[in-house]
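Open the model in your viewer and keep the sequence panel beside it. The stops below say what to select and what is there.

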Amino acid sequence: MKHSFEFENAIVVGRDMRGESSVYISVLSREHGLMQMMKKVSVKTTSLLPDLFDDISGSADAQTPQGLKIRRDFEISKRRTEIGKSYEAFNHAALIASVVAVNGRNIEDCARLEFNLRHALDAIAKDAPPEIVRFKFMYLLARGEGYPVKE
């Protein structure tokens, strides 16, 4: 039995090309949390693939609700290309995304995590000091999970 998923404005937190015809993408969705998706790509035609920090919307199928999602179609709704213009900005944004990719499955409040991630990436894209944005993101993540942190 296949399960269908619709997602809107999910943030790409990881991307890995495997072989010549498959790309594995990790996205954080407000509705579904952290999801692993796989998309077959054609070697002959160039297809637009989402990059790190992009917002994508679309649909996917999976054999189980927790299993790997096979993407049917998607649309890139927002790109944050400004992050790639500075190595420091890209590095801090990638560290934030990696924290989400590693820990996202264990966080219950996906809506809060997605909200904080979106605001952190948008702030870095608008030239806010990336190190401070990353520090604030980590503080909000720890506080939201109930750790005793102080401002």
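**Stop 1: strand β4**

Select residues 55-62, which form strand β4; 8 of its 8 residues are buried, so the strand is largely enclosed by the rest of the structure. Bear in mind that this is a predicted model.

Now show the side chains of β4. In a regular strand, side chains alternate between the two faces of the sheet. On one side of β4 are Asp55, Ser57, Ser59 and Asp61, and on the other Ile56, Gly58, Ala60 and Ala62; both sets are buried, which leaves both faces covered.

**Stop 2: the partner strand β1**

Strands β1 and β4 run antiparallel and are joined by 7 bridges.

**Stop 3: the whole chain**

Zoom out and color by secondary structure. The chain contains 5 strands and 3 helices, and along the sequence they follow the pattern β-β-β-β-β-α-α-α. Of its 151 residues, 44% count as buried. Among contacts between residues at least 6 apart in sequence, 60% join residues at least 24 apart.

**Stop 4: helices α1 and α2**

Two packed helices are described by the angle between their axes and the distance between the axes. Select α1 (residues 87-103) together with α2; they pack at an angle of about 170 degrees, with axes 10 Å apart. Angles over 145 degrees count as roughly antiparallel, and α1 and α2 are therefore roughly antiparallel to each other.

Which residues make the contact of α1 with α2? From α1, show Ala89, His92, Ala93, Ile96 and Val100; from α2, show Leu113, Leu117, Ala120, Leu121 and Ile124. By class, this contact of α1 with α2 has 9 nonpolar residues, 1 polar and no charged ones.

**Stop 5: helices α2 and α3**

For the contact, select Arg112, Leu113, Asn116, Leu117, Ala120, Ala123 and Ile124 in α2, then Pro130, Val133, Phe137, Leu140, Leu141 and Gly144 in α3. The residues of this contact of α2 with α3 divide into 10 nonpolar, 2 polar and 1 charged.

Key
Residues numbered from 1 in each chain as written. Predicted model: local features only at pLDDT ≥ 70, side-chain atom pairs only at ≥ 80, totals over all residues. Heavy atoms only, no water. Buried < 20%, exposed > 50% of the residue type's maximum accessible area, 1.4 Å probe, protein only. Helix = DSSP H or I, 4+ residues; strand = E, 2+ residues; numbered from the N terminus. Pairing = 2+ DSSP bridges. Contact = heavy atoms within 4.5 Å. Nonpolar A, V, L, I, M, F, W, Y, C, P; charged D, E, K, R; others polar. Axes fitted to C-alpha atoms, helices over the stretch in contact; angles between N-to-C directions. Parallel < 35°, antiparallel > 145°, perpendicular 65-115°, else oblique.
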